[in-house]
Amino acid sequence: MIKTFGDGRVAKDAKVFQYGKENKTGVSFGLICDRFYNDENPTYIQCTIWNRDEKTAQFITTGRQIFFEGKLTRNSDGYYNVDVDDFSFGQQPNRDGNSETRYQDDGGRREYRDDPAGNQY
């Protein structure tokens, strides 16, 4: 097992899926990660967060920056996969192309300003 840390931008909105006999839910999404500054050949990583639901998936949207920690594997086709153990949100692009932070860090408790229901994770 290889433990890895990194960050990237979400390639496509997250998808929620069910697995197991108990129909547990998980979230799957792809990240585009630059190996170096202004890398012309970024790395695509397929990420899976187990035991999460739609509340998490609604914030994992195209272009959003995500910092992750997890177990790195490589499948037989040569693609990288990460089973995410921990993650946090970074910046999300605005319509004008600039970025802004969309969450407030309150001593380990995160409150997301764009969550209309005021849910906390």
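What percentage of contacts in the protein between residues at least 6 apart in sequence join residues at least 24 apart? In this predicted model, the share is 47%. The protein comprises 1 helix and 10 strands, arranged along the sequence as β-β-β-β-α-β-β-β-β-β-β. Of its 121 residues, 29% count as buried.

The structure contains 3 salt bridges. In one of them, the side chains of E69 and K3 meet at 3.3 Å, N to O. E69 belongs to strand β5 (residues 65–74) and K3 to strand β1 (residues 2–10), so this pair ties together parts that are 66 residues apart in sequence. E69 is partly exposed at 23% relative accessibility, and K3 is likewise partly exposed, with a relative accessible area of 42%.

K3 also forms a salt bridge with D85, with an N to O distance of 3.1 Å. This pair links distant parts of the chain, since D85 lies in strand β6 (residues 80–89), 82 residues from K3 in strand β1. D85 has a relative accessible area of 40% and is partly exposed.

K71 is partly exposed, with a relative accessible area of 29%. Through shared partners, the salt bridges join K3, E69, K71 and D85 into one network.

Key
Residues are numbered from 1 along each chain as its sequence is written. This is a predicted model: local features need pLDDT of at least 70, side-chain atom pairs count only at pLDDT 80 or more; totals for chains, interfaces and linings use all residues. Side-chain values use heavy atoms; hydrogens and water are left out. Helices (H or I, at least four residues) and strands (E, at least two) are DSSP runs, numbered from the N terminus. Buried means under 20% relative accessible area, exposed over 50%, partly exposed in between (1.4 Å probe, protein chains only). Contact means heavy atoms within 4.5 Å. A salt bridge is a side-chain nitrogen of Lys or Arg within 4 Å of a carboxyl oxygen of Asp or Glu.
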